[in-house]
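Visitor: Please show me the model. Then we can go through the fold by question and answer.

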Amino acid sequence: MNFDQNNQVTRSPQFWFEDGSVVLQAESTQFRVHFGVLGNYIPFFEGMADSSFPQPEGEPTVEGAPVMTLHDSAEDVKHMLTALYTDRYESENAIPLDAVAAMLRMGDKYMIPYLQHRGRSALVKEFPSKLEEFRKTMFAPGIDCTAGSGISDLNLDQEPGNILKIIRLALRHNLERILPAVLGVPAFKGVKYILRMGNTDPLSPFARGWEGVCLLGRENLFDAYDWQFRWVMGLGVRDSCSSKEQCAEASIRLTHRLWRPKPDVRRMYQSWQSFKAEGTIGNAVGRLCPACMQWANDSFDEAGNVFWSQFPAYFGREPWI
Ligand SMILES: [Zn+2]
């Protein structure tokens, strides 16, 4: 059998090297690449010299190069070769979601540590488990969920269904650690967003199940909010306060801002600096006596850390590891 004459098959425009020693075929696309390059990354190809691959009689070849059929999509193979041959998917770059998924699939299937690591690190970077990193990503106030540091085309505002894609990847590739941050996106954004996420696949029990997890998580956020900001009630009433009237007034202003007309749960992961950056809040905090100011700051930080350690439990997940 000779693929040279086969019109059904097309050659990859990016990955067809004239000196390639092996042809990988996925679906109807062929990629002519090098045993030597593959062998650097893929244990299966390790030690196969470019010239000495034993080619049994009667097996397909293209211009003398053996053809290996892969039972993968052509798109996955293209992403894999892009990662192995070019610097486009190197660790400093944010990479497309499809490429992340392809690297995890191909990495696990062919046991390619480089691809496994690269796919996982993109997701972990995008959905961190440390509060300081979480604040810097898409969740920072005023930052859209358009392009993140790990994945270049998440576009979560317009594509809430991408949340479900990420959840599937996390479950399939043993990335439980990213799930709380992933589930946090819809939980912080609100009920309408959560329903849009599920509506991308209305008949899927998978989507409905995770919609429920996010709704419960949002409910838990609201319950935790009251606890997290309870320190506001203590302003102006503690013995150490040197300006009780003024601090009590600040307490009332803060109470209004934090609970009326309704809590904004995005405040829960803010730093003290960005919390104070909101005008009304900054003005009220600025009027506190030194003792109340210090107490507010300490209480805020402490409650923020407790919030973050509890965060996975809001979604029924295991504690951060
Ligand atoms: Zn005071």
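Guide: Strand E2 (residues 22–26) and strand E5 (residues 65–70) run parallel, joined by four bridges. This is a predicted model: local features need pLDDT of at least 70, side-chain atom pairs count only at pLDDT 80 or more, and totals for chains, interfaces and linings use all residues. Residues are numbered from 1 along each chain as its sequence is written.

Visitor: Which residue in E5 is the bridge partner of Leu24?

Guide: Strands here are DSSP runs of E, at least two residues, and helices are runs of H or I, at least four, numbered from the N terminus. Two strands pair if DSSP finds at least two bridges between them. For Leu24, the partner in E5 is Met68.

Visitor: Which strands stand at the edges of the sheet?

Guide: The sheet is open, with mixed pairing and the order E1-E3-E2-E5-E4. An edge strand has a single partner, so one side is left without a neighbour in the sheet. Those strands are E1 (10–16) and E4 (61–62).

Visitor: Which helices do the buried residues of H4 pack against?

Guide: Helix H4 covers residues 113–126. Its buried residues (20 or more other C-beta atoms within 10 Å of their own, placed from the backbone) include Leu115 and Leu123. They pack against H2 (74–85), H3 (97–109) and H6 (162–172).

Visitor: Which residues is Met80 in contact with, leaving aside neighbours within four places in sequence?

Guide: Contact means C-beta atoms, placed from the backbone, within 7 Å. By that test, the partners of Met80 are Ala102, Met103, Met106 and Leu115.

Methods. Expected span 1.5 Å × (residues − 1). Buried ≥ 20, exposed ≤ 12 C-beta atoms within 10 Å, placed from the backbone. Contact = placed C-beta atoms within 7 Å.
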